[in-house]
Amino acid sequence: MVTQTNTIDPVEAAHFGRLAAEWWDPKGSSAMLHRLNPVRLAYIRDRIDQHWGADECDRRPLKGKRAADVGCGAGLLAEPLARLGADVTGLDPAPENIAAARLHAEGQGLAIDYRVGSVEALVGPYDLVTTLEVIEHVNEPRAFVMGLADALATDGLLIVSTPNRTAMSRLMMITIGEGTGQIPRGTHDWEKFLTPDELCALLKDAGLEVVDLTGLRFSVTRGFTLSDDKSLDYFVTARKL
(Lines give C-alpha, C1' and ligand atoms only; values in the text may rest on other atoms or scores of the structure.)
Protein backbone atom coordinates (compact mmCIF):
# COMPACT_ATOMS: atom_id res chain seq x y z
CA MET A 1 0.00 0.00 0.00
CA VAL A 2 1.37 3.43 -0.95
CA THR A 3 2.26 5.60 2.01
CA GLN A 4 0.03 8.58 2.69
CA THR A 5 2.63 10.43 4.78
CA ASN A 6 3.58 13.79 3.29
CA THR A 7 7.36 13.65 2.93
CA ILE A 8 7.73 17.09 1.32
CA ASP A 9 9.54 19.74 3.34
CA PRO A 10 8.06 23.04 2.08
CA VAL A 11 11.11 25.04 3.13
CA GLU A 12 13.37 22.75 1.11
CA ALA A 13 11.00 22.88 -1.88
CA ALA A 14 10.99 26.67 -1.81
CA HIS A 15 14.79 26.79 -1.59
CA PHE A 16 15.24 24.67 -4.72
CA GLY A 17 12.39 26.41 -6.52
CA ARG A 18 14.31 29.68 -6.24
CA LEU A 19 17.15 28.05 -8.19
CA ALA A 20 14.97 26.86 -11.07
CA ALA A 21 15.94 29.56 -13.58
CA GLU A 22 19.63 28.58 -13.36
CA TRP A 23 19.21 24.80 -13.22
CA TRP A 24 20.42 24.22 -16.79
CA ASP A 25 23.25 26.77 -16.60
CA PRO A 26 26.51 24.79 -16.12
CA LYS A 27 28.08 27.92 -14.61
CA GLY A 28 25.11 28.88 -12.44
CA SER A 29 23.95 27.81 -8.99
CA SER A 30 23.63 24.18 -10.13
CA ALA A 31 27.19 24.03 -11.51
CA MET A 32 28.14 21.31 -9.01
CA LEU A 33 25.29 19.10 -10.26
CA HIS A 34 26.49 19.51 -13.83
CA ARG A 35 29.96 18.39 -12.76
CA LEU A 36 28.46 15.45 -10.90
CA ASN A 37 26.04 14.31 -13.61
CA PRO A 38 28.48 12.34 -15.84
CA VAL A 39 29.52 10.19 -12.86
CA ARG A 40 25.89 9.67 -11.89
CA LEU A 41 25.01 8.57 -15.42
CA ALA A 42 27.98 6.21 -15.63
CA TYR A 43 26.93 4.55 -12.38
CA ILE A 44 23.29 4.26 -13.41
CA ARG A 45 24.20 2.86 -16.83
CA ASP A 46 26.41 0.23 -15.22
CA ARG A 47 23.67 -0.82 -12.81
CA ILE A 48 21.12 -0.99 -15.65
CA ASP A 49 23.44 -3.18 -17.73
CA GLN A 50 24.19 -5.44 -14.76
CA HIS A 51 20.57 -5.83 -13.71
CA TRP A 52 18.96 -6.42 -17.09
CA GLY A 53 21.95 -7.94 -18.88
CA ALA A 54 21.97 -5.12 -21.42
CA ASP A 55 24.60 -4.73 -24.10
CA GLU A 56 26.88 -1.88 -23.01
CA CYS A 57 26.85 -0.63 -26.62
CA ASP A 58 23.03 -0.45 -26.73
CA ARG A 59 22.08 3.22 -26.84
CA ARG A 60 18.52 2.54 -25.58
CA PRO A 61 18.78 -0.14 -22.88
CA LEU A 62 15.63 1.16 -21.14
CA LYS A 63 13.39 0.83 -24.19
CA GLY A 64 10.00 -0.52 -23.12
CA LYS A 65 10.64 0.23 -19.45
CA ARG A 66 9.05 2.79 -17.14
CA ALA A 67 11.34 5.01 -15.06
CA ALA A 68 10.63 7.64 -12.40
CA ASP A 69 13.02 10.27 -11.12
CA VAL A 70 11.86 11.54 -7.73
CA GLY A 71 13.13 15.01 -6.87
CA CYS A 72 13.96 15.59 -10.51
CA GLY A 73 14.68 19.32 -10.31
CA ALA A 74 14.63 20.71 -13.85
CA GLY A 75 15.41 17.34 -15.45
CA LEU A 76 19.19 16.84 -15.42
CA LEU A 77 18.68 13.10 -14.94
CA ALA A 78 15.19 12.63 -16.38
CA GLU A 79 16.30 13.72 -19.85
CA PRO A 80 19.19 11.22 -20.11
CA LEU A 81 16.87 8.45 -18.87
CA ALA A 82 14.45 9.35 -21.67
CA ARG A 83 17.31 9.24 -24.19
CA LEU A 84 18.15 5.76 -22.90
CA GLY A 85 14.69 4.72 -24.07
CA ALA A 86 12.61 4.87 -20.89
CA ASP A 87 9.08 6.18 -20.53
CA VAL A 88 9.98 8.73 -17.84
CA THR A 89 8.00 10.38 -15.05
CA GLY A 90 9.72 13.26 -13.26
CA LEU A 91 8.46 14.44 -9.88
CA ASP A 92 9.52 17.52 -7.94
CA PRO A 93 7.76 19.45 -5.14
CA ALA A 94 8.77 22.86 -6.56
CA PRO A 95 6.41 24.07 -9.32
CA GLU A 96 9.17 26.35 -10.61
CA ASN A 97 11.41 23.35 -11.25
CA ILE A 98 8.69 21.45 -13.08
CA ALA A 99 7.98 24.47 -15.28
CA ALA A 100 11.68 24.74 -16.15
CA ALA A 101 11.89 20.99 -16.77
CA ARG A 102 8.92 20.99 -19.14
CA LEU A 103 10.26 23.94 -21.09
CA HIS A 104 13.71 22.41 -21.49
CA ALA A 105 12.39 18.97 -22.47
CA GLU A 106 10.14 20.55 -25.08
CA GLY A 107 13.16 22.30 -26.57
CA GLN A 108 14.97 18.97 -26.73
CA GLY A 109 12.04 17.17 -28.35
CA LEU A 110 11.66 14.83 -25.36
CA ALA A 111 8.29 13.59 -24.07
CA ILE A 112 8.64 13.38 -20.28
CA ASP A 113 5.72 13.27 -17.87
CA TYR A 114 6.66 15.97 -15.35
CA ARG A 115 4.46 16.39 -12.27
CA VAL A 116 4.54 18.59 -9.18
CA GLY A 117 4.80 16.34 -6.14
CA SER A 118 6.99 13.74 -4.50
CA VAL A 119 6.87 10.04 -3.77
CA GLU A 120 3.22 10.29 -2.71
CA ALA A 121 2.27 11.03 -6.34
CA LEU A 122 4.00 7.95 -7.78
CA VAL A 123 1.67 5.51 -9.50
CA GLY A 124 3.66 2.38 -10.27
CA PRO A 125 4.80 -0.06 -11.13
CA TYR A 126 8.10 1.36 -12.41
CA ASP A 127 10.99 -0.75 -13.60
CA LEU A 128 13.50 1.88 -12.47
CA VAL A 129 13.19 4.53 -9.77
CA THR A 130 15.97 7.05 -9.14
CA THR A 131 16.28 9.66 -6.42
CA LEU A 132 19.66 11.37 -6.31
CA GLU A 133 20.68 13.80 -3.55
CA VAL A 134 17.03 13.99 -2.42
CA ILE A 135 16.40 11.85 0.66
CA GLU A 136 18.42 14.26 2.85
CA HIS A 137 15.85 16.96 2.02
CA VAL A 138 12.61 15.12 2.92
CA ASN A 139 10.57 15.23 6.12
CA GLU A 140 10.20 11.49 6.73
CA PRO A 141 12.99 9.34 5.24
CA ARG A 142 11.33 6.07 6.29
CA ALA A 143 8.01 6.96 4.66
CA PHE A 144 9.89 8.25 1.61
CA VAL A 145 11.72 4.93 1.17
CA MET A 146 8.49 2.98 1.67
CA GLY A 147 6.87 5.03 -1.08
CA LEU A 148 9.77 4.36 -3.44
CA ALA A 149 9.54 0.63 -2.73
CA ASP A 150 5.77 0.62 -3.24
CA ALA A 151 6.21 2.12 -6.70
CA LEU A 152 8.72 -0.48 -7.89
CA ALA A 153 7.76 -3.38 -10.13
CA THR A 154 8.78 -6.87 -9.05
CA ASP A 155 12.51 -7.14 -9.77
CA GLY A 156 12.49 -3.37 -10.29
CA LEU A 157 15.62 -1.35 -9.57
CA LEU A 158 15.96 1.56 -7.13
CA ILE A 159 19.03 3.84 -7.24
CA VAL A 160 19.61 6.35 -4.43
CA SER A 161 22.49 8.74 -3.81
CA THR A 162 22.99 10.91 -0.75
CA PRO A 163 25.73 12.50 1.38
CA ASN A 164 27.12 10.52 4.29
CA ARG A 165 26.91 12.06 7.77
CA THR A 166 30.63 12.41 8.46
CA ALA A 167 33.15 15.10 9.32
CA MET A 168 34.28 14.92 5.68
CA SER A 169 30.85 15.74 4.28
CA ARG A 170 30.39 18.62 6.73
CA LEU A 171 33.77 20.07 5.71
CA MET A 172 33.45 19.59 1.95
CA MET A 173 29.75 20.26 1.37
CA ILE A 174 28.89 22.87 3.98
CA THR A 175 32.04 24.55 5.30
CA ILE A 176 33.79 24.71 1.92
CA GLY A 177 30.99 24.13 -0.63
CA GLU A 178 28.39 26.47 0.81
CA GLY A 179 30.92 28.71 2.54
CA THR A 180 32.63 29.60 -0.74
CA GLY A 181 29.42 29.81 -2.77
CA GLN A 182 30.13 26.72 -4.90
CA ILE A 183 26.88 25.32 -3.49
CA PRO A 184 23.99 27.71 -2.67
CA ARG A 185 23.91 28.57 1.02
CA GLY A 186 21.26 26.74 3.00
CA THR A 187 21.16 23.74 0.65
CA HIS A 188 22.20 21.18 3.26
CA ASP A 189 21.35 20.30 6.84
CA TRP A 190 24.14 17.97 7.98
CA GLU A 191 21.96 16.50 10.72
CA LYS A 192 19.62 15.09 8.04
CA PHE A 193 22.38 13.19 6.23
CA LEU A 194 22.08 9.39 6.43
CA THR A 195 24.93 6.95 6.91
CA PRO A 196 25.08 3.94 4.58
CA ASP A 197 24.04 1.65 7.44
CA GLU A 198 21.01 3.82 8.20
CA LEU A 199 19.88 4.01 4.57
CA CYS A 200 20.44 0.31 3.91
CA ALA A 201 18.37 -0.51 7.00
CA LEU A 202 15.50 1.62 5.68
CA LEU A 203 15.69 -0.12 2.31
CA LYS A 204 15.68 -3.58 3.88
CA ASP A 205 12.74 -2.63 6.11
CA ALA A 206 10.87 -1.66 2.94
CA GLY A 207 11.36 -5.14 1.51
CA LEU A 208 14.24 -4.34 -0.83
CA GLU A 209 17.52 -6.17 -1.32
CA VAL A 210 20.62 -3.98 -1.44
CA VAL A 211 22.79 -5.15 -4.36
CA ASP A 212 25.43 -2.42 -4.54
CA LEU A 213 26.98 0.28 -2.37
CA THR A 214 29.53 2.58 -4.03
CA GLY A 215 31.19 5.73 -2.77
CA LEU A 216 31.59 9.06 -4.51
CA ARG A 217 34.71 11.10 -3.91
CA PHE A 218 35.96 14.47 -5.09
CA SER A 219 39.48 15.67 -5.81
CA VAL A 220 40.70 18.95 -7.23
CA THR A 221 42.66 17.18 -9.96
CA ARG A 222 40.12 14.52 -11.03
CA GLY A 223 36.78 15.97 -9.97
CA PHE A 224 34.05 13.48 -9.01
CA THR A 225 34.87 9.78 -9.29
CA LEU A 226 33.35 6.52 -8.10
CA SER A 227 35.25 5.05 -5.18
CA ASP A 228 35.26 2.60 -2.29
CA ASP A 229 35.48 5.70 -0.07
CA LYS A 230 31.94 6.53 1.10
CA SER A 231 32.87 9.28 3.56
CA LEU A 232 31.62 12.13 1.35
CA ASP A 233 28.69 10.73 -0.66
CA TYR A 234 27.52 7.36 -1.91
CA PHE A 235 25.17 5.44 -4.21
CA VAL A 236 22.96 2.54 -3.15
CA THR A 237 21.22 0.22 -5.59
CA ALA A 238 18.44 -2.06 -4.38
CA ARG A 239 15.98 -4.37 -6.10
CA LYS A 240 12.47 -5.45 -5.31
CA LEU A 241 12.17 -9.16 -4.70
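Strand β1, residues 66-70, is largely enclosed by the rest of the structure, because four of its five residues are buried. The structure shown here is a predicted model, and β1 belongs to an open sheet of eight strands with mixed pairing, in the order β3-β2-β1-β4-β5-β8-β6-β7. Because β3 (113-116) and β7 (223-227) stand at the edges of this sheet with a single partner strand each, one side of each is left without a neighbour in the sheet. From one strand to the next, the twist of the sheet averages 20°.

**Strand pairing**

- Strands of a sheet pair through backbone hydrogen bonds, and the pairing can be either parallel or antiparallel.
- The parallel sense is found between β1 and β2, which are joined by five bridges, and within this pairing arginine 66 has aspartate 87 of β2 as its bridge partner.
- The antiparallel sense is found between β6 (residues 208-219) and β8 (residues 233-240), which pair over eight bridges, and here valine 210 has alanine 238 of β8 as its bridge partner.

**Helices packed on the sheet**

- Helix α2, which spans residues 31-52, packs on the sheet and touches β4 (126-132), β5 (152-163), β6, β7 and β8, while its direction makes about 150° with that of β5.
- Helix α4, which spans residues 95-108, lies across β2 (87-92) and β3, and runs at about 165° to β3.
- Helix α4 is also included in what covers the buried residues of α1, and those buried residues of α1 (residues 10-17) are Glu12, Ala13, His15, Phe16 and Gly17.

**Nonpolar cores**

- The largest nonpolar core has 30 residues, of which Leu81, Val88, Ile112, Tyr114 and Leu128 touch the most other members.
- At least two residues of this core are supplied by each of α2, α3 (78-83), α4, β4 and β5, and α2 gives the most to this core, with six residues.
- Isoleucine 112, one of the core residues named above, is in contact with Ala78, Glu79, Ala82, Val88, Gly90 and Ala105, when its neighbours within four places in sequence are left aside.
- Apart from this core lies another, of 28 residues, and among them are Val70, Tyr126, Leu152 and Leu202.

- In α7, which spans residues 196-205, the buried residues are Pro196, Leu199, Cys200, Leu202 and Leu203, and because they cover an arc of only 155° around the axis, they are on the same side of α7.
- An α-helix has 3.6 residues a turn, so residues three or four places apart point the same way.
- What covers the buried residues of α7 includes α5 (141-151), β5, β6 and β8, whereas the face turned away from the buried side carries the exposed residues Asp197 and Lys204.
- Glycine 207, which follows α7, has a positive phi, near 85°.

- Asparagine 37 is found in helix α2, and because its relative accessibility is 9%, asparagine 37 counts as buried.
- A polar atom of the side chain of asparagine 37 lies 2.9 Å from the backbone oxygen of leucine 76.

**Backbone details to look for**

- The peptide bond from glycine 124 to proline 125 is cis, with omega near 5°, and proline 125 lies in the loop between β3 and β4.
- Glutamate 133, found in the loop between β4 and α5, has a positive phi of about 55° although it is not a glycine, and with a relative accessible area of 14% glutamate 133 is buried.
- Aspartate 155, found in strand β5, is not a glycine either but has a positive phi of about 70°, and with a relative accessible area of 32% aspartate 155 is partly exposed.

Key. Residues numbered from 1 in each chain as written. Predicted model: local features only at pLDDT ≥ 70, side-chain atom pairs only at ≥ 80, totals over all residues. Heavy atoms only, no water. Pairing = 2+ DSSP bridges. Axes fitted to C-alpha atoms, helices over the stretch in contact; angles between N-to-C directions. Contact = heavy atoms within 4.5 Å. Core = buried A, V, L, I, M, F, W, Y, C linked by side-chain atoms within 4.5 Å. Buried < 20%, exposed > 50% of the residue type's maximum accessible area, 1.4 Å probe, protein only. Polar contact = N/O pair within 3.5 Å; in protein donor to acceptor, adjacent residues only side chain to side chain. Arc of directions from axis to C-beta.
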